[in-house]
Every structure is written in structure tokens, then in C-alpha cells.
Amino acid sequence: MTATATPQRRAPRAAGAAFAAARRGWRTRHRTAGSVLDVVGFAIVGVVVLTALVGPLIAPDVYASHIQNARLAPSAAHLMGTDDQGRDVFWRIVVGSRTTLSAAVITVILYSVIGVLIATVAVLAPRWIGDMVMRVVDVMQAFPSLIFALLIAALMGPSLQSSIVALAATGWVVTARLLAGIMRETLTEPYVEAARTLGVSTWALLLRHVFPNALPTLWVKWAGDLGITILLIGSMSFIGAGAQPPSAEWGAMVIAAKGYVTSAWWGALFPGLAIACTSMGFALVGDAIHHRLSHRVKGH
Amino acid sequence: MNEEILRIDGLRLAARGPDGAIPLVHGVDLAVRRGERLALVGESGSGKSITARAVLRLDDDITASGSIRVGDTDVLTASERTMRSIRGRRVGMVFQDPLSALDPLVRIGGHIEPLFRARGMRPVVARSETAKLLHELGVPDASRRAVSFPHEFSGGMRQRVVIAMALAGDPDLVIADEPTTALDVRVQKQVLRVLAESTSRRGLAVLLITHDVGIVAGFADRVAVMYRGRIVESAPTSAFFSDARHPYSQGLLRAVPQLDRPGRLLPLDRASIPEPDDDNSVLVEVGQDHLVARSALAAAPMGAA
Amino acid sequence: MLEIANVNKTFRSLGRAKNHALNDVSLTVPDGAVVGLVGESGSGKSTLLRILMRLEAADSGSVLLDGEDVLSLRGARLKQYRRRVQMVFQNPMGSLSPRRTIEQIVAEGMITHGLYGSAAGRSERVGELLELVGLDRSAAGRYPASFSGGQRQRIAIARALAVDPQVLVCDEAVSALDVSIQAQILNLLKDMHDELGLSILFVAHDLAVVRYLCPYVAVLQRGVLVEQGRAEQIFDAPVHPYTRELLDAVPVPDPDAGWLTR
């Protein structure tokens, strides 16, 4: 092969930046719309986090039953009505925000740590070990994770804790694969090779060059993951494998209200909306971070 | 009077950026006559590539003003349909990277035959013309090799295929944008020679875009130098090499290492190059067909390098 | 003195022919000498450099630095070696870590080898090095993205010099630069050699550049060293046909020379 690895002619700086921007697509061409979405996303997440932190401190008791107030429609006294136990739906959502959110956060932290460890092993270990690990990852990825999670939850007995463990046990797979890919690619970058020729040790290479390179992708992933995990935690509760009544976890609220959804729709709708909105909020935040970070890396 | 195949007047180009337009070319005047070979020389950021690409309106995110005439068609106001009839037909283009100019899933012949068929030839005739053209450009065993895929060809061979694609449409002008930059030095010479011979055989005009002042001497009839989006000098090749007037041209010539010129290389001293603006960039005639930006005349005359 | 002796390297991959990248290559870089290694793509020059830099293993042969075999070094001794032979890479865009400041990049080698004691000492040395390569000290706090290709190569040279190496290896270090910038970097390398007494192994495909910088030249064709000697010899009276072909292909900036038709 005679073709030379093309000496990358330094692209005309202005033209290069301009072309890159034009090709970045929707968000760049619709900058205002993009910014509005960013704001919406951060607003939703901000509200939810605030609620989770402060809400349970100011809420009245949401676990005690007041059958006499069962299934009251939304009114001034009960902003989102009451459920079949007479409990105020609005305040249960407020208190449940901490449950749902903390469950999601713990799950993501757990599987991220596992994923990082597995990826590091896969990349640093001798080739055959690394290959074997990645094959295991492949197999696990092919498995429908929700079913696997159900299995674990069933074995452990349904509860919020078991759904956290179950989701963590299946969630590390994508992180591991993603991180292993980024790590492998970064290790072949010229600047990493340059560091190696300086005598930098492998560990120092990872800490100084490889992990920081992976961080932006991870931030974006974590934001989006939180949204998805909130959905998953809710789903697990919804099918009975997660939080059990009288928990104010949003998914548990929805399943509990399922029986009377035609007559007292507010019992199921509002927690469902809470799950959907929060999930979307995190997705938007992930998108916003992605947009901001890809701007910076391209050397604006 | 030799007719002008390409005439560019007062061309201004700007790129559409996220924060407004970024001006890249500030008023370029250029002409290429039939059968003439013009080399447009400049470093990165000079605007030479986008100027060449503007002739075929290849970039959607560039706004242009001024005029670009191919024959008697004004490219800047032409319809997309007209542009399609110019691209590949009246103006052929040779790109820098043969690997990305060729579709890896299409055989070599498949890149060239459609261009002949578009001229009205029957498939059988198109195929034999393709083999003839490849043979002319130095592809050994052309009719058999035409069924190969691009990855089976070496870089130099691929570039010959790209040149064949440029010639198949029977154009009046071939624009070659850094055609040899990605090639090894021996292959570069072969490809340039093939380009020179095939275009002069057909009496075609050539606009060669390059940063390499060295290849210009053997290839081009005239040289135009671009600096920061403007033409600072244009002259017949011999006049350029023996009597360059603009400090930037002189600096370029002195900064090129040459085998038979000992002594220290003089890197370009940016401070000695007057900052081009609309006023001092007006071209002034200093010799037969030899134009220089007005700013060069104000500078002190340079002694022998 | 760097002695490369009988180095062989073959690349094998499934389903493709064996690639004899290096075939019994022997080359010496005497102390304080500037040796040019000329080759086109596929010549094996990059492979040779990677073997030298211990990024790749050789199949056979030896590389001796001041008599010590380099290819079998491990651990702490390998780390010491890495200090003594430093490389400037071809790609100015890719060879500097995008997320670290210039100070961090240039100082990394110093930190790794425990040079210049304190952070303040290193900082001062970084400033000196930046000035040495023709940049302003204030560059230390900035990121690579805000520098041009030529400036980044200067930073890469500063990084290499930061560990006080014995040998500087340049892998097409100026090929990706504009002509006017190329001249600056070539002069910088010349000056560094004159001032610091470095040995330089300069790999390039551009013969005119090699002629300008290197009094000694070796020519590599498809893994085989076909000719080597003093530059005057090689350029004025080449023996090997490949060398002659290469010289013939160097563009001559003289319209009357008829270069293209020769």
C-alpha cells in the first residue's frame, strides 16, 4: 500500500469550525429551541431534587389511612385528590420523590462502580482474560435485562432494595462495554502513546489521560441513566417486584391505584405523570450536557 | 485572444457559523484560459480550497457574492440543475484524498462508465472507452483491472482513477485540489505527469490548488498566490520564480528547502508582510501579465535572497 | 551512541500476506550526530521508530544505547531508558492531550522521573523550556486547542526536552506543517542540536528537508536499508537506483529545469 497516512493538513481554523457547526444539526440550527429545552430539563430536575430533599420534611403523614376521605377528586384541600386509603396523592408524590430518586441514584452508582471495575479489568488484563470478560458482557447484553432483574427480585423477595440490587446487577453491562470501548480507543491515541514514551506508568496513564477522557461521555450517560432508572424502578414496583404498598414510591402508587383507575383516575395518573416528567427531565439534562461538552471539546 | 474558460470576479466567500458569518475570501479575481494551467498557491487558511470548490458550488454552508463564470454561465446564480450539468461535464474535479473520492463498494469501472454513458454512449462503448482512458493514464492491464475495487489499488493508481473520472465527462476545465498531497513523493511525480499529459493532450485548462510551491514550477503556466483570503500576486511561472514581488511570495520561496540550495532557510517573517485589506490588495500590473497587490509596492525593494 | 543492529519485524495477520516491515536493518546514530532516515510509506520507518521507543517489539536484532541492550529492558530500567530517548510525533493535533494544560503536558515527564523537586521548580523549568522553543511563558496555562500546528510542535519539542534526553527522535515532525512554519521548526531543531548537543534521528519522506537538517542520511526501502552515508555522498552521487528515483522525484522550484518531464 503506497498511500501515506495523510499528514493532516491543518484545517483552516475558521472554515473548520464553521463547517463543524453546520453539520452539528438540529440543535445548532435551532439554538433557541435547544436552549428552551435545556431550561425545561434543568427546571424539572431542579424541582424534583428540591422536592426530594425538602418535601418529606414538610409533608404531613402520608402513610396513615383515612378511609373516610377515600377517592376524593382533586380540590383545593387535596390538590391531586386522594387514593383509596384516603391519603393525599399530592403529598404522597412529594414524599415518594425521595424514595424514587434515591433508589435510582443508588442503583446508578452501584452499577457504574461495577461497570468501571469490569471495564478496567477487561482492558488492562492480558488479552485472553479481557476477551473472556467481554464475551461475558456480550452474553449478558443479549439477555433481556428486565426479566433477569425480575428473577433476582423474585429470589430475594420483592422490595425496593431487591429491585435496586436487581437493576444494578443488570445495569453494569452497558457501562462496562461503553467504558471498555472508550478506554481502548483512548489508549491508542497519539498523546497517550506520547505519555507512555515519557515513561508514565499504566495506572498514571489511566488516571491522567484515559478516565478524564471518558468523563464527558459518562456524565451524559449518567444523566440519561437516572431518567431511565427512575422508569425502571417504577416499572419494577408496578409489576410487584419492587417497592410494596404502603410505600410512596411512584411506581407502587400507580399499581395500587390500578384497581380504581376508571373511577378515580387521579390516583394513577399523577404518579404516572411524575415518573414520565422526571424521566424526561433527566433525559433533557443529559442532552444539554452532551451539547455543551461536545462544543468545548471541539476547541471553540 | 484565447477564450476564458473560468473567470472569477470580486469573489467573496463567508462560512455560516453558529455566531454569524465568518468571512474567508475577500474579493478574489482570477481567470483561466483554454488550455492554460494555473496554479493557485497558498498555505492553510488562505482560502484557496474553498475558492476552488465554489466554482462547482460544492459547499452548502458557504455564502458567496461576486461572480464566477464557467464559459458563459454564472455559477453563483445558476440553478441546481445547471450546476449538475457543469459538475463532471464541463468542469471535472480531482480531489485530494482518492480513498474518500471513491466508493469502496463500487468497482473501478463502475466509477467511470456512468460518466461516459451520460454522454450518450452505449454501455459496450462506455466500457471500452473506460479501459482506453485507464490505459492512457497508466493503469496496467486496464480492461482487466477495471473490475477491481478501490481498496485493491494503490494510492497512485486510485488517484489516476479519480483523474479518469474528471476527464470522462469531456470537460473544458479540470480543477485539481491538492491532488498529490496524500501521495508518496515518487508517486506524486508520476501522477502530476499523468495529469499534465492527459490534460494537454485534450487541450484542457487546469486549475491546480496546492501549498507546494515546488511542484508548481514544473507544472503550471501561471501562478497565483493567495494569502488570507486574497490574491497577493499572480504571474507567469518563470516571472514568479525569478522575480516575485510580494513579500509573502518571496517569503514562501525562501522558506522551501531545496536540494541544491545550501544556507539557512529563512522562515516567513510575518511582520514583514503587510496585513492585507481591501485597499492595499488592489492588484497592480508590474510586468507582462504580472500582477501584485498594491501593498507590495510600498514595501522596500527586497535584495537578492 | 545509538546502535541499531539487524532488526527484523514481520507483521502477520489472519488472511493477509505476511508483511516484512523491517529486514535486517542496521543503523548507527553517533553521539551528537544528526541522522536522517528517508523512506516512503511502507518503508518501515515508523515501525523502526516504534521499536526504538519500545512501543512495539522487534522479532530479532538489537538496539544498544551506549552499549546497553534496550530491547530487553523492563521495569525501572525501561523507565530510565525512556528518559534518554524522546520522540516528537508527526501529528501536532493528536500528540498533545486535549484536556490538560501546556504546563501539565510539558511537566508530565519531569513528574514521572522525579526531576526538579518541587512544583515551583518544575513550573520554572516549564517556563524556561517554553521560551527555549520560542513560545511565551504564558502559554503554560492554556490548552492545546488554542495553538496552531507549528506552536504545538514546539510544545511537543519542549515536552521531549523536559527530561533532558540524549537522543531526540523525530517522526515526520514537520510533515504536517505549512512550509513557512516548517522552516521555523527545522531551524529550531538545528538550534537545539547546536546548543544542547543532542543526537537526532530525523525520519522524513521529504528529501530536501532531510538534506537541510542532516549531515548523515540513510535510505529505507520496504524494510531494507539500501544506502547510507554522508549527505553529500547520498545526494550528489547516489549509488542505489531507489535513491536516485527518490532524488529525481523531488520537485525543483525552477521552471526551466523541466522537472516533470525528466
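This is a predicted model: local features need pLDDT of at least 70, side-chain atom pairs count only at pLDDT 80 or more; totals for chains, interfaces and linings use all residues.
An α-helix has 3.6 residues a turn, so residues three or four places apart point the same way.

The contact between chains B and C involves 27 residues of chain C and 34 residues of chain B. On the chain C side, the elements that give two or more residues are helix 6 (179-196), helix 7 (207-213) and helix 9 (241-249). Helix 6 of chain C supplies the largest share of that side, namely six residues. Classified by residue type, the side of chain C that touches chain B has 17 nonpolar, five polar and five charged residues.

The largest nonpolar core has 185 residues. Those with the most contacts inside this core are Leu40(B), Ala164(B), Leu173(B), Leu207(B), Val169(C) and Phe202(C). Helix 7 of chain B gives the core its largest share, nine residues. When residues up to four places away in sequence are not counted, Leu207(B) touches Leu6(B), Val32(B), Leu38(B), Leu40(B), Ala52(B), Leu173(B) and Ile175(B). A second, separate core of 68 residues includes Ile44(A), Val123(A), Trp172(A) and Phe270(A). In soluble globular proteins, nonpolar side chains tend to be buried together.

Chain B also contains an open sheet of four strands, arranged in the order 2-1-4-5 with antiparallel pairing. Strand 2 (20-33) and strand 5 (73-74) of chain B stand at the edges; each has a single partner strand, so one side of each is left without a neighbour in the sheet. Strand 5 of chain B is joined by two bridges to strand 4 (residues 62-70) of chain B, and these two strands run antiparallel. Arg69(B) stands opposite Asp74(B), a residue of strand 5 of chain B.

Chain C has nine helices and 10 strands. A compact globule of 262 residues would have a radius of gyration near 18 Å, and the 19 Å of chain C agrees with this expectation. Along the principal axes, the C-alpha atoms of chain C fill a box of roughly 60 × 50 × 40 Å. Of the 262 residues of chain C, 49% count as buried. Among the contacts in chain C with a separation of 6 or more, 66% are between residues 24 or more positions apart.

Chain A has 11 helices and zero strands, and its elements from the N terminus on accordingly read α-α-α-α-α-α-α-α-α-α-α. Buried residues make up 41% of the 300 residues in chain A. For contacts in chain A with a separation of 6 or more, residues 24 or more positions apart account for 67%.

How values were computed:
Residues are numbered from 1 along each chain as its sequence is written. Chains are lettered from A and ligands numbered from 1 in the order in which they are written. Two residues are in contact if their C-beta atoms, placed from the backbone, lie within 7 Å. Ala, Val, Leu, Ile, Met, Phe, Trp, Tyr, Cys and Pro count as nonpolar, Asp, Glu, Lys and Arg as charged, and the others, Gly among them, as polar. The radius of gyration is taken over C-alpha atoms; the globule rule is 2.2 Å times the number of residues to the power 0.38. A residue is buried if 20 or more other C-beta atoms lie within 10 Å of its own, exposed if 12 or fewer, and partly exposed in between; C-beta atoms are placed from the backbone. A nonpolar core is a set of buried Ala, Val, Leu, Ile, Met, Phe, Trp, Tyr and Cys residues joined through C-beta atoms within 7 Å. Two strands pair if DSSP finds at least two bridges between them.
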